[in-house]
Amino acid sequence: ERQSKELLDLIHTNLMGPFRTQSIGGAKYTLLFIDDFSRMRFIYTISAKDKTFGIFKEFKVMVENDGRLSGR
């Protein structure tokens, strides 16, 4: 059963890494966001753990502004 009533009410997050082998773009971590309401998953690759909050802020703005996700 879903706990949230709309997008961004509850976001599940998982940060994985560092991986021994980095990607061609230099990523050593994988960051996953799952929106509890829509069950949509968003995956990012990042080079350092300290980029996590900045990526979350970008993710939040993207979800808020994407009419396909918000139903606008």
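**View A. Leu-7 lies in the segment ahead of strand β1.** This is a predicted model, with residues numbered from 1 along each chain as its sequence is written, local features requiring pLDDT of at least 70, and side-chain atom pairs counted only at pLDDT 80 or more. Strands (E, at least two residues) and helices (H or I, at least four) are DSSP runs, numbered from the N terminus. Leu-7 counts as buried, at 16% relative accessibility. Buried means under 20% relative accessible area, exposed over 50%, and partly exposed in between (1.4 Å probe, protein chains only). Leu-7 and Asp-36 are 29 residues apart in sequence. Their C-alpha atoms are 7.5 Å apart in space.

**View B. Asp-35 sits in strand β2 and is buried.** Its relative accessible area is 2%. A polar atom of the Asp-35 side chain lies 2.8 Å from the backbone nitrogen of Leu-8. A polar contact is a pair of N or O atoms within 3.5 Å; within protein, one must be able to donate a hydrogen and the other to accept it, and residues adjacent in sequence count only if both atoms are side-chain atoms. Leaving out residues up to four places away in sequence, Asp-35 touches Leu-7, Leu-8, Leu-10, Ile-11 and Met-40. Contact means heavy atoms within 4.5 Å. Ile-11 is also the bridge partner of Asp-35.

**View C. Three strands make an open sheet in the order β1-β2-β3.** The pairing is antiparallel. Strands β1 (11-16) and β3 are the edges, each pairing on one side only. Neighbouring strands are turned by 15 degrees against each other on average, direction ignored. Axes here are lines fitted to C-alpha atoms, for helices over the stretch in contact; angles run from 0 to 180 degrees between N-to-C directions. Six bridges join β1 to β2. Two strands pair if DSSP finds at least two bridges between them.

**View D. Strands β2 and β3 form a hairpin.** Strand β2 covers residues 29-35 and β3 residues 41-46. They pair in the antiparallel sense over six bridges. Leu-31 stands opposite Tyr-44 of β3. Five residues separate the two strands. In the turn, Arg-39 has a positive phi of about 65 degrees.

**View E. Phe-33 and Phe-56 form an edge-to-face aromatic pair.** Their ring centres are 5.6 Å apart, with 65 degrees between the planes. Rings of Phe, Tyr and Trp (its six-membered ring) pair if their centres lie within 6.5 Å; planes under 30 degrees apart count as stacked, over 60 as edge-to-face and the rest as tilted. Phe-33 lies in strand β2 and Phe-56 in helix α1, so the pair ties together parts 23 residues apart in sequence. Phe-33 counts as buried, at 1% relative accessibility. Phe-56 counts as partly exposed, at 25%.

**View F. Phe-42 and Phe-59 form an edge-to-face aromatic pair.** The centres are 4.9 Å apart, and the planes make 65 degrees. Phe-42 is in strand β3 and Phe-59 in helix α1, so this view again shows distant parts of the chain linked, 17 residues apart. Both residues are buried: Phe-42 has a relative accessible area of 12%, and Phe-59 has 0%. Phe-33, Phe-42, Tyr-44, Phe-56 and Phe-59 form one aromatic cluster. The structure holds five aromatic pairs.

**View G. The largest nonpolar core has 11 residues.** Among them are Leu-7, Ile-11, Leu-31, Phe-33, Phe-42, Ile-46 and Phe-59. A nonpolar core is a set of buried Ala, Val, Leu, Ile, Met, Phe, Trp, Tyr and Cys residues joined through side-chain atoms within 4.5 Å. Strands β2 and β3 and helix α1 each give two or more residues to this core. Ile-46 is in contact with Leu-15, Ala-27, Lys-28, Tyr-29, Thr-52 and Ile-55, leaving aside neighbours within four places in sequence.

**View H. The whole chain holds two helices and three strands.** Along the sequence, the pattern is β-β-β-α-α. The C-alpha atoms fill a box of roughly 40 × 25 × 20 Å, taken along the principal axes. Of the 72 residues, 29% count as buried. Among contacts with a separation of 6 or more, 33% join residues 24 or more positions apart.

Terms used. Heavy atoms only, no water.
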